Amino acid sequence: TSEFVLCCLQAALFSGREIPKASMEAPAESDAAAAELIKVRAAVHQHVVKLRDPDPIVAARAAESLFELGVKGGYASVVATRNREEIGSMEGVFQGFAHLVSHGTDEGQGWACAALAQIAFDNASNCIAIVRTPGMLTGLRQVMENSTRDSKAAAALAVNNISAFSEQASAIIVQAEVLNLNEADPVALSVLPYLQSPIASSICKYRDGHGPFQDWESIARVPGVTAKVLESITSSRHPNMVLSREPPLLPPLQALCRGEYTDARTDAVGALNHISRSQQARSVLLEQFIVRHALGPALQAEYDNSEELAAIVARATMAIANLMAHDPDAPQCAGAEVQAGGD
């Protein structure tokens, strides 16, 4: 309270205005909430900057701190929800995570993936921003393929949560119907109803003169790209617009389903279940014979207890149901009758 009064006195002194009586009173509940929000934003900014710190320990601790903010009070708490929104809206946050996932130590990669899993929880905007960040899918794939057990599981959980809360993100994860704005020519862009020929040509000319677009906001600098056009680009679903060429995450998810680590396998199957809900992504899953090469092996693996097996069965069954509902006669669904638990 004394600090608040002092701030009021200083503000009045520098403004030259008379001090209102109300300003001398203790802050109301809304003032306390505003002060807390300012504190959270300052902390988020500090941690985001440190994601790129050359000291790998500092970078890992920053990711861990952002993870803790994303789960503060519990996944569904008001505080955690607010924190996830603040983290997702902080400039440079996902670029920082992409850097750490790609170039950090195993510990840094693990905490970065764990934080991404929480930031994605129940926040579709964050999910889409994550998968659209240049280098992010490349980094996640590297972690799932080459890191230690815990980091692989954290990366699989991140993909699971991202796909759980955004069907568009699911499509981008498997690179279904994507169009790279940094590679598309004017002809490819001009067929889109919101990018007629003059704007498409202008985008390509600006890109060729200034280099690839590093973020979506930079597209607004292109002559002719209004706020409405930019909104159409970023919200496009047919195709899904991206800014970089990224590898699909289906191969490492399949490998984790066939792998030895139960925790990573469980989240990989969960991710495939969520991805199978996306109409755009389902065709990719079917083309890759996901039942035969991922879900079947996961169901036939050995498990230490019935709870682990039940989790796999539930998720795999829902994924197979989604695929069969899409095309029950597809040969890619062959093997859906596979028995669980190595039977």
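1. Let me start with the cysteines: the count of disulfides comes to 0, a disulfide being a pair of cysteine sulfur atoms within 2.5 Å. Cys-127 is buried at 0% relative accessibility, and Cys-204 is buried as well, at 4%. Here buried stands for under 20% relative accessible area, exposed for over 50%, and partly exposed for what lies in between (1.4 Å probe, protein chains only).

2. A word on the source. This is a predicted model, in which local features need pLDDT of at least 70 and side-chain atom pairs count only at pLDDT 80 or more, while totals for chains, interfaces and linings use all residues. Residues are numbered from 1 along each chain as its sequence is written, and side-chain values use heavy atoms, with hydrogens and water left out.

3. Now the chain as a whole. The protein chain holds 18 helices and 2 strands; these are DSSP runs numbered from the N terminus (helices H or I, at least four residues; strands E, at least two). Of its 343 residues, 47% are buried. The chain exposes about 16500 Å², and carbon and sulfur atoms supply 55% of that area, computed by the Shrake-Rupley method with a 1.4 Å probe, with only the protein chains shown counting as cover for residues. Among contacts (heavy atoms within 4.5 Å) between residues at least 6 apart in sequence, 70% join residues at least 24 apart.

4. On to the largest pocket, which holds about 650 Å³ of space. Of the 21 residues lining this pocket, Gln-95, Ala-129, Asp-215, Trp-216 and Glu-217 are the closest to its centre. A pocket is found on a 1 Å grid over the protein atoms alone, as an open set of points where a 1.4 Å probe fits, with protein on both sides within 12 Å along at least five of seven lines; lining residues have an atom within 4 Å of a point. Grid points are joined across faces, edges and corners, and the volume is the space filled by probe spheres set on the points.

5. What supplies the lining of the largest pocket? Helix 5 (93–103), helix 7 (124–132) and helix 13 (227–234) each give at least two residues, and helix 7 gives the most, with 5. The lining divides into 9 nonpolar, 8 polar and 4 charged residues. In this scheme Ala, Val, Leu, Ile, Met, Phe, Trp, Tyr, Cys and Pro are nonpolar, Asp, Glu, Lys and Arg are charged, and the others, Gly among them, are polar.

6. The second largest pocket has a volume of about 180 Å³. Helix 6 (106–120) and helix 9 (149–164) each supply at least two of its lining residues. Trp-111 and Asp-150 are among the residues that line it, and by class the lining has 5 nonpolar, 3 polar and 3 charged residues.

7. Leu-137 deserves a look. This residue lies in helix 8 (136–146) and is buried, with a relative accessible area of 1%. Beyond its neighbours within four places in sequence, its contacts include Ile-172, Gln-175 and Pro-247. Leu-137 and Ile-172 are 35 residues apart in sequence and 9.3 Å apart in space, C-alpha to C-alpha.

8. Finally, some backbone points to check. Most residues other than glycine have a negative phi, and most peptide bonds are trans. Gln-175, not a glycine, has a positive phi of about 60°, and it sits in the loop between helix 10 (167–173) and strand 1 (178–180). Glu-177 lies in the loop between helix 10 and strand 1, with a positive phi near 50°; at 42% relative accessibility it is partly exposed. A cis peptide bond joins His-238 and Pro-239, with omega about 5°; Pro-239 is in the loop between helix 13 and strand 2 (240–242).
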